[in-house]
Amino acid sequence: MNNPDLGLRTIRPKTIGILGGMGPEATARLFERIIALTPARRDQDHLPVQICNLPQIPDRTAAIQGRGESPVPLASQGLQMLAASGADFIAIPCNSIHHFFTELQASVQIPILHLIDEVLRAVLQRWPNARRFGLLATDGIIQSGIYQKFFAARQCEIIAPEAGRQKEVMAAIYAIKAGQKNFRDALAAGRDLLERRAQGIILGCTELGLVQNYLANDLPVIDSIEVLAQACVDLARGVREIPKLL
């Protein structure tokens with residue numbers, strides 16, 4: 001008799017918590033990619049996922065630049081809701097919020113995946129011999145230096161668009177948030193980074209992941225949403241161990 005579970009999970013999967021709303025469409029895409037990346041033949045083979053969608057969390061770039069309200073209080077409430085609902089770990093599909101990672105992790109007793117760390121892992125797996133990468137991201141994430149710090153620890157360099165191009169990238173990101181699939185400015189910025197000898201392009205804003213199909217036609221890209229989705233699937237299925245809290 002054929003076993004319908006053959007090759008699939010034989011242990012109870014962990015529950016994924018997603019703190020979303022930054023933005024809502026990026027949150028939906030993360031959930032879609034988790035479903036697509038899960039090896040499943042029936043409903044019961046899919047992974048338990050809890051989503052707390054809080055689009056009212058204040059703008060992260062404005063907060064990083066000191067001209068806006070901190071996102072930490074409301075984001076922490078969402079994290080606590082997920083923990084209380086039984087999530088085993090939490091993913092946040094927003095790069096910029098990770099500038100506040102230490103404060104956010106301190107608000108809950110379950111692990112939060114560090115998106116930039118996951119991207120670094122994926123980049124080194126895909127391009128093990130590369131050491132110079134272009135970053136397409138918000139002003140906040142670039143000015144925070146978080147990608148530069150993580151990659152420098154592995155002897156890798158991060159380069160960002162020139163000032164004029166970066167303004168266009170920010171405009172594209174906010175246009176995508178408004179429902180417009182504006183990818184041409186990001187594509188032009190990515191091409192400029194390749195001309196400056198970047199060996200790969202990191203989509204360090206989850207909104208850019210919404211147009212990654214257009215960008216990937218011309219650019220060697222790593223999409224942070226795709227990276228986060230794969231990490232969630234691997235951790236929930238026990239392929240990788242969930243990080244321990246320090």
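I note the basis before going on. This is a predicted model, in which local features need pLDDT of at least 70 and side-chain atom pairs count only at pLDDT 80 or more, while totals for chains, interfaces and linings use all residues. Residues are numbered from 1 along each chain as its sequence is written, and side-chain values use heavy atoms, with hydrogens and water left out.

**Entry on Gln 105.** I checked the accessibility and found Gln 105 buried because its relative accessible area is 15%, where buried means under 20%, exposed over 50% and partly exposed in between, with a 1.4 Å probe and protein chains only. I then looked at the side chain, where one polar atom lies 2.9 Å from the backbone oxygen of Ile 110, and a polar atom lies 2.8 Å from the backbone nitrogen of Ile 112. Setting aside neighbours within four places in sequence, I list Ile 110, Pro 111, Ile 112 and Leu 245 as the residues in contact with Gln 105, contact being heavy atoms within 4.5 Å.

**Entry on backbone geometry.** I recall that most residues other than glycine have a negative phi, and that most peptide bonds are trans. Against this I record a cis peptide bond from Met 22 to Gly 23, with omega near 0°; Gly 23 sits in the loop between β1 (16-20) and α1 (24-37).

Which phi value does Gln 155 have? I read a positive phi near 60° for Gln 155, in the loop between α7 (146-152) and β5 (157-159), and Gln 155 counts as exposed because its relative accessibility is 60%. Arg 197 also gave me a positive phi, near 75°, in the loop between α9 (184-195) and β6 (201-203), and Arg 197 is exposed at 63% relative accessibility.

**Entry on the whole chain.** I count 11 helices and 7 strands in the chain, and I note that buried residues make up 54% of its 246 residues. The radius of gyration of the chain is 18 Å, which agrees with the value near 18 Å for a compact globule of 246 residues; this is taken over C-alpha atoms, and the globule rule is 2.2 Å times the number of residues to the power 0.38. Of the contacts with a separation of 6 or more, I find that 74% join residues 24 or more positions apart.

Definitions and conventions
Helices (H or I, at least four residues) and strands (E, at least two) are DSSP runs, numbered from the N terminus. A polar contact is a pair of N or O atoms within 3.5 Å; within protein, one must be able to donate a hydrogen and the other to accept it, and residues adjacent in sequence count only if both atoms are side-chain atoms.
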